[in-house]
Amino acid sequence: MTRRMRHILWIGGALIVAAAGWLGVSRLRVREVEAVQPAEREVVELVIASGTLRAKRQSPIGSEVTGIIESVFVDDGDNVAAGDLLIQLRPEESRRRLEQSRQAMETAAAELALVRRGATAEELARAVAELARATAARLQTEREYGRLRALFEDRLIAQADLDLAASTRDQAQAAEAAARETLADLRARPRPEDLQVAEARLREAETAVLVSEQDLERRTIRAPLPGLVIRRNAEPGQSVTPGNALLELADLRVTEIYVETDENNLDRLRTGQRATVLAPAFRDRPFAATLAQIGPEVDSGRGVVGLRFTPDRLPDFARPDMTVDVSVEVARLPRALSLPATALLQRDGRWHVLIVTGETVREQTVRVLARGTEWIAVEGVPPDAAVLARGTEAAAGDTVRPMARP
């Protein structure tokens with residue numbers, strides 16, 4: 001073997017050794033990643049949102065009359081039934097007005113009774129007797145006037161005596177006319193116009209009594225509906241006028257839970273879906289509700305839609321405007337091939353995972369069937385595939401060494 005041949009063989013051997021060493025070092029430098037295989041498990045998909053519990057009907061309570069508060073019988077947080085006493089205004093002045101109006105009504109009623117009764121037999125008899133007396137007096141004065149006139153014509157009496165007799169005769173005639181008119185008036189009673197006046201006076205008096213009774217009654221303020229006192233703005237000695245809210249009641253018989261969720265959840269929501277509700281302060285006491293209304297509008301500025309839930313039964317700790325968390329079950333797959341939520345990536349509205357074939361990473365598009373909080377049910381991945389447990393650890397084309405996830 002020539003010297004040149006030995007040199008060539010030496011160089012080739014060195015290259016082979018160097019290549020083997022490089023391959024060994026590069027293999028040692030391959031990154032290890034956790035990989036999982038799809039497994040069958042139950043996947044429950046939830047839409048979770050926060051909102052408030054609110055009464056559909058809240059009623060401000062005020063006074064219909066002006067007055068001064070004498071007593072307040074409730075405080076914030078009290079539960080009341082319909083008709084319960086809430087506030088009492090001072091009633092003394094109203095009671096005095098009511099008594100006066102009742103007395104006026106009694107007087108008007110007595111006057112109407114007199115008008116309706118008409119003249120009594122005694123009154124008619126007196127009027128007849130008075131007319132007879134007046135007639136007799138008139139006849140007497142006329143005879144006397146005739147006698148004196150004859151004497152005057154014979155120039156036996158003065159003009160003054162004749163004038164006095166004439167005046168007496170005229171007065172007697174007037175008295176007779178008045179007695180006759182009185183008798184006619186008594187016989188005509190009750191006259192329609194007198195009845196109308198008396199009846200009108202009685203109606204006015206009755207209306208005054210009714211107004212006084214209502215005024216007195218309005219000074220006792222009662223609960224118009226059962227509910228919870230959520231606001232008290234009344235204190236004894238305080239002056240009140242109509243239109244001022246003194247209390248506010250929330251009717252907890254008809255309540256709703258209002259939350260807002262991303263509009264992208266619309267395709268998974270249906271009225272009638274069941275939900276679990278949790279109040280942050282009472283997380284060990286969840287209660288159930290039903291999705292009653294979706295929308296109807298989408299807030300385009302924020303990209304959210306409102307949801308309204310009807311509680312099955314309110315717990316005793318429930319309060320209006322309480323913050324609650326609502327979990328709506330939108331899908332349940334009892335046995336579905338699933339992967340950890342960290343394994344899935346989304347791009348341009350499509351989902352994919354990273355699968356290791358040999359030691360090379362490739363991208364695989366999948367269809368999501370249900371998204372749980374930890375596991376996601378998928379379709380489109382072979383059951384024996386080695387899927388990166390965390391899709392952000394590598395990229396398609398990388399060389400990695402898959403390690404089974406503990």
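Two strands are counted as paired if DSSP finds at least two bridges between them, and helices (H or I, at least four residues) and strands (E, at least two) are DSSP runs, numbered from the N terminus. The model is predicted, so that local features need pLDDT of at least 70 and side-chain atom pairs count only at pLDDT 80 or more, while totals for chains, interfaces and linings use all residues. Residues are numbered from 1 along each chain as its sequence is written, and side-chain values use heavy atoms, with hydrogens and water left out.

**View 1. The open sheet of 4 strands, in the order β6-β5-β3-β8, has antiparallel pairing.** Because β6 (220-222) and β8 (239-240) stand at the edges with a single partner strand each, one side of each is left without a neighbour in the sheet. Strand β3 (residues 67-72) is joined to β8 by 2 bridges, the two running antiparallel, and G67 stands opposite V240 in β8.

**View 2. Confidence, given as pLDDT (the predictor's confidence in each residue, from 0 to 100), averages 87 over the protein.**

**View 3. A cis peptide bond runs from G295 to P296, with omega near 10 degrees.** P296 lies in strand β11 (residues 287-299).

**View 4. D348, although not a glycine, has a positive phi of about 60 degrees.** This residue is found in the loop between β14 (345-347) and β15 (350-357).
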